[in-house]
Amino acid sequence: MTVYFSDGQFTKREELTISIDDRGYYFGDGVYEVIKVYGGELYTAKEHIDRLFQSAAKIKMTIPYADVQIMEIARELVKANNILTGHIYLQITRGSAPRLHQFPDPSVQPVVTAYAVNNPRPLEGMENGVPVKSVEDVRWLRCDIKSLNLLGNVLAKQEAYEAGCVEALLHREGVVTEGSASNMFGIKNGTVYTHPATNLILNGITRQVVLGLCKDLCIPVVEQSFTLDEACEMDEFILTSTTSEVTPVISIDGRPIGSGVPGIITKKLQEAFALQIPSFIAGE
Ligand SMILES: *Cc1c(COP(=O)(O)O)cnc(C)c1O
């Protein structure tokens with residue numbers, strides 16, 4: 001039996017009720033998080049929950065729970081659903097009210113929904129690398145908010161998918177920003193380059209973990225944007241996200257990166273990433 005959290009309680013999927021008037025449904029008016037579970041333990045949950053509160057504040061929405069309560073909901077879902085390797089999905093919308101663009105009356109409570117799923121680590125892509133397709137980044141200018149409004153991301157991902165790629169490499173007039181649901185890093189002559197954490201990207205928790213690992217491993221990092229042409233000339237290329245961890249990118253638009261196989265620094269970062277997961281179970 002799958003246990004969900006909705007409307008202040010834990011319920012079975014069959015008993016979930018979502019209102020037609022939910023502003024998430026009408027406007028994508030809400031925020032979300034995905035938190036990874038390894039060995040039955042939440043990973044970097046505090047960082048994700050902090051960002052959830054930051055995203056909510058940026059859209060002027062007050063979450064009707066304290067951060068410790070959100071943590072407790074996440075823990076309970078892991079337990080109730082027996083999750084060993086998987087993730088928690090958490091979303092909060094601005095509540096349910098007749099469809100008007102302006103915010104509803106303050107008495108309307110935001111709606112918190114969450115579930116947990118078993119989801120194996122994407123070991124195949126992590127081992128062999130994945131192809132990406134460049135797609136123009138036509139999203140809005142507040143990509144720093146993990147918002148439910150994902151049409152730009154969805155269209156980009158679909159375009160990549162139709163080209164046989166697993167992710168879109170987004171660029172604004174030739175300047176690489178991030179992926180549709182991941183952050184992008186290029187490695188050239190031993191230095192790691194990635195777009196700075198501005199309003200044009202979502203500052204991934206995995207991105208921040210990887211930047212910390214670079215520091216630990218004495219790998220120089222430059223948080224500076226680079227162009228699509230420069231991306232194609234990198235020695236190695238990586239995408240990161242909660243569910244993708246550190247995944248090598250082996251080609252952009254069919255053009256191989258380096259020798260077209262995952263590189264040395266990429267492998268070092270993957271090893272270091274696995275080692276810092278407290279509840280890591282090899283092969284899971
Ligand atoms: C969630 C997300 C990421 C990755 O963030 P993580 O915290 O590492 O999962 C990157 N880009 C976008 C657009 C995202 O929505």
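Select Cys218 first. Its relative accessible area is 68%, so Cys218 is exposed (exposed means over 50% relative accessible area, buried under 20% and partly exposed in between, with a 1.4 Å probe and protein chains only). This is a predicted model: local features need pLDDT of at least 70, side-chain atom pairs count only at pLDDT 80 or more, and totals for chains, interfaces and linings use all residues. Residues are numbered from 1 along each chain as its sequence is written, and side-chain values use heavy atoms, with hydrogens and water left out.

A disulfide needs a pair of cysteine sulfur atoms within 2.5 Å. The structure holds 0 disulfides. Cys232 is in none either: the nearest cysteine sulfur, that of Cys165, is 12 Å away. Cys232 is buried, with a relative accessible area of 12%.

Now select the ligand. 17 residues surround the ligand (each has a heavy atom within 4 Å of it). The closest are Lys146, Glu178, Ile205, Thr206 and Thr242. Colour α2 (45-58) and α6 (205-216): each supplies at least two residues of the shell. Helices here are DSSP runs of H or I with at least four residues, numbered from the N terminus.

- Arg51: an N or O atom of the side chain is 2.9 Å from a ligand oxygen.
- Glu178: a polar side-chain atom lies 2.7 Å from a ligand nitrogen.
- Ile205: a backbone N or O atom lies 2.8 Å from a ligand oxygen.

How much of the ligand does the protein bury? Taken alone, the ligand exposes 380 Å², and the protein buries 94% of that. These areas come from the Shrake-Rupley method with a 1.4 Å probe.

Move to helix α5 (residues 151-162) and pick Asn153. Is Asn153 buried or exposed? Asn153 counts as buried, at 12% relative accessibility. The side chain of Asn153 reaches the backbone oxygen of Ser180 at 2.8 Å.

Last stop: helix α7 (residues 228-232), which holds Asp229. Asp229 counts as exposed, at 58% relative accessibility. Asp229 and Val175 are 54 residues apart in sequence, and their C-alpha atoms are 8.9 Å apart in space.

Notes:
A polar contact is a pair of N or O atoms within 3.5 Å; within protein, one must be able to donate a hydrogen and the other to accept it, and residues adjacent in sequence count only if both atoms are side-chain atoms.
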